[in-house]
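Subject: Structure handover

Hello,

Here is the structure I promised to pass on. Please open it first, then read the notes below.

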Amino acid sequence: NIRIQTRLSVIVDGAPLDFERGECASMLSANGMYIRMLKSYPLNTPVSIQISFHGQTVSAEARVLYHNADSAGTPGLTGIGLQFQKIMPRGGEIIRRFINDEVTHGLAPGWA
């Protein structure tokens, strides 16, 4: 389970997050993600998300595994950890390809 740091635009429950204020997907794996956002959600809350990957959008249903509300209102310190429950067809493939491209970016041919 590779987790990568990233900065991706996300729509949560139909509401676009404020990317300019630091709200974004900041950690991503094939099974879930961490979203920095100004508000938090209770544990086990189901959420629908749309993630933008360089011109492609992946829709998924997820649930809140954990939340960090210690610094409520401070992007980067507040957010939710999600576990994907259902991903649109080909969505998992798009996510895995994105992670692979990020991990192998800059490696000489034959090393990936």
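Let's start with Arg97. This residue is partly exposed, with a relative accessible area of 35%. Salt bridges that share partners tie Arg97, Glu93 and Arg90 into one network. Please bear in mind that the model is predicted.

**The salt-bridge network**

How many salt bridges are there? The count comes to two. One joins the side chains of Arg97 and Glu93, at 3.2 Å from N to O. These two residues sit four apart in helix α1, which covers residues 91–104. About one helical turn therefore separates Arg97 from Glu93.

The other partner of Glu93 is Arg90. Here the closest N and O atoms are 3.2 Å apart.

Is Arg90 buried or exposed? Arg90 is exposed, because its relative accessible area is 54% and the cut-off for that class is over 50%. Glu93 has 38% relative accessibility, so Glu93 counts as partly exposed.

**A buried threonine**

Now move to strand β1, residues 4–8. Thr6 lies in this strand. Its relative accessible area is 18%. Buried means under 20%, so Thr6 is buried.

Which residues does Thr6 touch, leaving aside neighbours within four places in sequence? Thr6 is in contact with Ala25, Ser26, Met27, Leu28 and Phe98.

**The largest pocket**

Last, the largest pocket. Its space is about 230 Å³. The lining has 14 residues, and the closest to the pocket centre are Arg3, Ser29, Gly32, Met33 and Leu82.

What is the make-up of the lining? Seven of its residues are nonpolar, six are polar and one is charged. Arg3 counts as charged, and Arg3 is among the residues closest to the centre. Gly32 is there too, and Gly counts as polar.

Best wishes

Conventions. Residues numbered from 1 in each chain as written. Predicted model: local features only at pLDDT ≥ 70, side-chain atom pairs only at ≥ 80, totals over all residues. Heavy atoms only, no water. 1 Å grid on protein atoms, 1.4 Å probe; cavity = no way out; pocket = protein on both sides within 12 Å on 5 of 7 lines; lining within 4 Å. Points joined across faces, edges and corners; volume = space filled by probe spheres on them. Buried < 20%, exposed > 50% of the residue type's maximum accessible area, 1.4 Å probe, protein only. Contact = heavy atoms within 4.5 Å. Salt bridge = Lys/Arg side-chain N within 4 Å of Asp/Glu carboxyl O.
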